[in-house]
Amino acid sequence: MTPPRLLHEPAGEVPVFAEVDVLVAGGGLAGCAAALAAARAGATTLLTEREGFLGGVSTATMMASIGNHYVVADGSQTIYGIAAEVVERLVTAGAAPEGWRRLKAIPMDSERLKVALIEMLEEAGVRILTHALACRPFMEGRSVKGCFLEGKSGRIAVLAKNTVDCTGEADLAWRAGVEVREHRASSSLLFKLAGVDLERFLRFLAEDEAGFPQNVDGVANLHSLVRSWREERVFFFGHHSGPKWRWLREQIAGGAYGELRRDQYGNRPWWGLAENIDAFGMYTSRQDGTLVINTGYYCFDRIDVGELSRFETHAQRLCYYAADFMKRQIPGFEKSRLEHLGAALGLRGGRHIVGRSKLTIPAYREGGTKWKCDDVIATPPVNIHDRSGFGPATNRTAEIPFGVCVPVNASRLLVGSGKSVNTDGGNYRLFRGMSGCMVFGQATGAAAALAAQRGLPSEELPVRDLQRELLRQGVRLGDPSRLRELGLDGIGNFSDDAARPGRIER
Ligand SMILES: Cc1cc2nc3c(=O)[nH]c(=O)nc-3n(C[C@H](O)[C@H](O)[C@H](O)COP(=O)(O)OP(=O)(O)OC[C@H]3O[C@@H](n4cnc5c(N)ncnc54)[C@H](O)[C@@H]3O)c2cc1C
């Protein structure tokens, strides 16, 4: 490949827009949790977001379903803090179901989430800046002392004692020269159909119950789908149902899905799938005939705007193609119409940092007594990625270390998105799931704030001080005996006996 032509960009003076204790870049769930935690810990906090709304993947893509990584198999809750508070806030607003602890995935109204996040941030005193791309860290040696932002009003600078990178793809860490790994990850565009007659669709599925895709994405069979819809008002037709759905196989074999299923626009082939419609999933918790469709996957090896643009524009065309197919072929979809395309292609991964510690999937799966860390910041359920279901299969929990958020070769910078912390690249559902991102966000925001108040770089904050603050903010760091072991007993205000509403439904 010929190297690109290089232009010299002239240097210039940039006005300082604000000076704060903590700057959080990226207003997805991780960034909102980081900013909330920082402000609640008493820091002046600015949150900058490139779009005009908050929530990141959870709102931009319409992926209105929070994986339930809050409870272990017996129903007891082990993730608390902001991650749980956001769900409760949605419940109070009528935007998520009260019985969420029983569900394998928690459906929510992602439009309401945008506003719930604004309310929470404003209550905590966070300054929100939208339409402001964090484009380059302001460095003194290895220390990140703020950031240059680019927006409609030109380039501005924010000075910060500590910064948290919640861009989802570790943009700032990468620009700061932190060692990052780019890993193969998938992306999808979602679209919303209106005018779907779900009852008619269910009757159609019942005509060939044996041909229904069994044991996909936690949905055991047609009976489970129907029960969830009737009792919980959650319609969840799992991802990757295609290969096991007899009707769809027949349609494809008969040519009804046509040729566009294959890559026609010079894009790379679909990841591991002969027909991209196989990867789709369908969800709703609404009673108004709308259904969100999660489409097929694109896979990228590195963050490259040219490649992402090709995927994005191709995916938007593909959504119409898939919607037309559904309208034409699926009973119950005859009057459907594509109402909304996701605002962005949702990226499941991208870059992750090389950090002070690394969480490997085997270590995480050990969980419980075998995997302990002195710098624990959360205790999620283990084994949540069980292929047979979305929920946890055991009562074991794992300890998540703070060190995975701390880059090794930069100072005053933490990484708060579960997509970009230092794991073995397995892109594990817990870490990059919505609750996981909020867990890392809260811990990094609190650390950045406490350190800033003491004039310390975030990475030098004594970990017990961070843990005390997390406990004060309602995070669970272990059972009483573990807390005694860590010298942290007597702080925090919840009991391990809270909320045991019963097993997760499968
Ligand atoms: C298609 C898809 C389906 C998924 N399904 C589920 C699911 O069912 N359940 C579940 O729990 N999880 C699911 N996930 C995972 C989960 O939604 C995300 O990993 C999580 O929401 C990421 O949150 P985040 O805040 O870390 O990152 P993001 O949501 O990516 O947020 C990053 C934010 O930063 C902004 N930003 C980026 N760069 C900059 C910059 N340089 N300057 C300023 N702002 C910037 C972005 O606009 C965005 O708002 C899914 C993900 C995808 C892509």
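A residue is buried if 20 or more other C-beta atoms lie within 10 Å of its own, exposed if 12 or fewer, and partly exposed in between. By that rule H240, with 18 other C-beta atoms within 10 Å, is partly exposed. The structure discussed here is a predicted model. Its protein chain has 506 residues, of which 50% count as buried. The secondary structure of this chain comes to 14 helices and 21 strands.

**The chain and its core**

- Among contacts in the protein chain with a separation of 6 or more, 72% join residues 24 or more positions apart.
- The largest nonpolar core contains 142 residues, and the members that touch the most others are V22, A38 and A173.
- Helix α12 gives the most to this core, contributing 13 residues.
- The core lies between domain 1 (16–183 + 351–481) and domain 2 (186–347), because both domains give residues to it.
- If neighbours within four places in sequence are left aside, A38 is in contact with V22, V24, A43, T45, G445, A446, A448 and A449.

**Strands that pair with β1**

- Strand β1 (residues 16–25) pairs with strand β8 (residues 154–165) in the parallel sense, over eight bridges.
- Within this pairing, L23 has T163 of β8 as its bridge partner.
- Strand β1 also pairs in the parallel sense with strand β2 (residues 45–48), here over four bridges.
- V22 stands opposite T45 in β2. V22 and T45 are both among the contacts of A38.

**A sheet of three strands**

- An open sheet is formed by three strands in the order β15-β10-β17, with antiparallel pairing.
- The edges are held by β15 (298–300) and β17; each has a single partner strand, so one side of each is left without a neighbour in the sheet.
- Strand β10 (residues 185–188) is joined to β15 by three bridges, and the two run antiparallel. S186 has C299 in β15 as its bridge partner.
- The antiparallel pairing of β10 with β17 extends over two bridges.

**Helix α3 and residue L90**

- Helix α3 covers residues 82–92, and its buried residues are I82, A83, A84, V86, V87 and L90.
- An α-helix has 3.6 residues a turn, so residues three or four places apart point the same way.
- The cover over the buried residues of α3 includes α1 (29–40), β3 (65–67), β4 (105–107), α4 (110–124) and α12 (434–453).
- L90 lies in helix α3. It counts as buried because it has 22 C-beta neighbours inside 10 Å, and the cut-off for a buried residue is 20 or more.
- Apart from neighbours within four places in sequence, L90 is in contact with A95, A96, M108, R112, L113 and A116.
- The residues L90 and R112 are 22 residues apart in sequence, and their C-alpha atoms are 7.5 Å apart in space.
- After α3 comes G94, which has a positive phi, near 75°.

**The surroundings of the ligand**

- There are 38 residues around the ligand, and those that come nearest are G26, G28, G56, G168 and G346.
- Two or more residues of this shell come from each of the elements α1, α2 (57–60), β3, β6 (132–140), β17 (346–347) and α12.
- By residue class, the shell divides into 13 nonpolar, 18 polar and seven charged residues.
- Domain 1 (16–183 + 351–481) and domain 2 (186–347) each supply at least three residues to the shell.

**Positive phi in residues other than glycine**

- A170 is not a glycine, although its phi is positive, about 55°. A170 is located in the loop between β8 and α5 (171–175).
- A170 is buried, because 29 other C-beta atoms lie within 10 Å.
- H240 is also a residue other than glycine with a positive phi, in this case near 60°. Its place is in the loop between β12 (235–237) and α8 (246–253).
- H240 is partly exposed, because its count of 18 other C-beta atoms within 10 Å falls between the limits of 12 or fewer and 20 or more.

Note on methods
Residues are numbered from 1 along each chain as its sequence is written. This is a predicted model: local features need pLDDT of at least 70, side-chain atom pairs count only at pLDDT 80 or more; totals for chains, interfaces and linings use all residues. Two residues are in contact if their C-beta atoms, placed from the backbone, lie within 7 Å. A nonpolar core is a set of buried Ala, Val, Leu, Ile, Met, Phe, Trp, Tyr and Cys residues joined through C-beta atoms within 7 Å. Domain bounds come from an automatic or database domain assignment. A residue is near a molecule or strand if its C-beta atom, placed from the backbone, lies within 6 Å of it. Ala, Val, Leu, Ile, Met, Phe, Trp, Tyr, Cys and Pro count as nonpolar, Asp, Glu, Lys and Arg as charged, and the others, Gly among them, as polar. Two strands pair if DSSP finds at least two bridges between them.
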